[in-house]
Amino acid sequence: NIRKINEINICLVGRKHPWKGFIDFLKPFNEGKIIGINNVYVLSHDDLSNFDLSKVTLVRPKNDEEIAYYMNISHIFICTSWWEGFGLPPLEAMACGCAVILTNAGGVSEYAIPGKNCLMYEPRNQEQLISCINMLVNNSQLRKKLSYEAIKTAKKFSWEKSAMQLLEALKD
């Protein structure tokens, strides 16, 4: 419970591969189309030297605890990927209590329920992403509701449960 109530922080994973959609957030943010944000934390080990990172804080996390720290001080987590299998980072952000915005990108439908535990937009649609961000920046009640439901959702998943499901599938 370390989020400051008088600011809005965003966390996202920055990847250099175009299909990860990092530019879909960074371009409108750098152009001033996204306002009301105090800090943007970009978690990455990729070479992001081709991007203008002058308005964000690049974090090269040393371990899972550092990733969790930045998710825990952030109010909003954004996943910009144009396609995902399961999409673990948004679920991890949910476990940390972030209000999550993610793309309608495949495997996230296993846990992401738009309007209930997240906001969802179509991949590559920067205008929809901007709208989702503005909605959460300007509506603290919605942020709290999505955060609460996200934590409940994340509690349904664990590595132990995944291992048991895999063992069950292998038995058949």
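A crossing of two helices is left-handed if the near helix is turned anticlockwise from the far one by less than a right angle, and right-handed if clockwise.

**Ground rules.** I'm working with a predicted model, where local features need pLDDT of at least 70, side-chain atom pairs count only at pLDDT 80 or more, and totals for chains, interfaces and linings use all residues. Residues are numbered from 1 along each chain as its sequence is written, and side-chain values use heavy atoms, with hydrogens and water left out. My helices (H or I, at least four residues) and strands (E, at least two) are DSSP runs, numbered from the N terminus.

**Helix 1 against helix 4.** I started with helix 1 (residues 22–30), which passes helix 4 in a right-handed crossing. Their axes lie 10 Å apart at an angle of about 70 degrees. For axes I use lines fitted to C-alpha atoms, for helices over the stretch in contact, and angles run from 0 to 180 degrees between N-to-C directions.

Next I looked up who touches whom, contact being heavy atoms within 4.5 Å. Helix 1 brings Ile 23, Asp 24, Phe 25, Lys 27 and Pro 28, and helix 4 brings Gln 126, Leu 129, Ile 130 and Ile 133. I sorted these residues into six nonpolar, one polar and two charged. In that sorting, Ala, Val, Leu, Ile, Met, Phe, Trp, Tyr, Cys and Pro are nonpolar, Asp, Glu, Lys and Arg are charged, and the others, Gly among them, are polar.

**How covered is helix 1?** Mostly: seven of its nine residues are buried. Here buried is under 20% relative accessible area, exposed over 50%, and partly exposed in between (1.4 Å probe, protein chains only). Phe 22, Phe 25 and Phe 29 are among the buried ones. The buried set packs against strand 1, strand 2, strand 4 and helix 4. Just past the helix, I noted Gly 32 with a positive phi of about 80 degrees.

I traced an open sheet of six strands in the order 3-2-1-4-5-6, paired in parallel. Two strands pair if DSSP finds at least two bridges between them. Strand 3 (57–59) and strand 6 (119–121) are the edges, each pairing on one side only. Strands 1 and 2 share five parallel bridges, with Ile 10 partnered by Val 40 of strand 2. Strands 2 and 3 share three, and there Leu 43 stands opposite Val 59. Four of the five residues of strand 1 are buried, so strand 1 is largely enclosed by the rest of the structure. Helix 4 (residues 126–138) lies across strands 1, 4, 5 and 6, at about 165 degrees to strand 6.

**Tyr 121.** I picked this residue out of strand 6. At 1% relative accessibility, Tyr 121 counts as buried. Its C-alpha is 4.9 Å from that of Thr 103, 18 residues away along the chain. Leaving out residues up to four places away in sequence, Tyr 121 touches, among others, Cys 79, Ile 101, Leu 129 and Cys 132.

**Helix 3 against helix 5.** Last, I checked helix 3 (residues 88–95) and helix 5 (residues 140–154), packed at about 115 degrees with axes 7 Å apart. That makes helix 3 roughly perpendicular to helix 5. Their crossing is left-handed.

Notes: Parallel < 35°, antiparallel > 145°, perpendicular 65-115°, else oblique.
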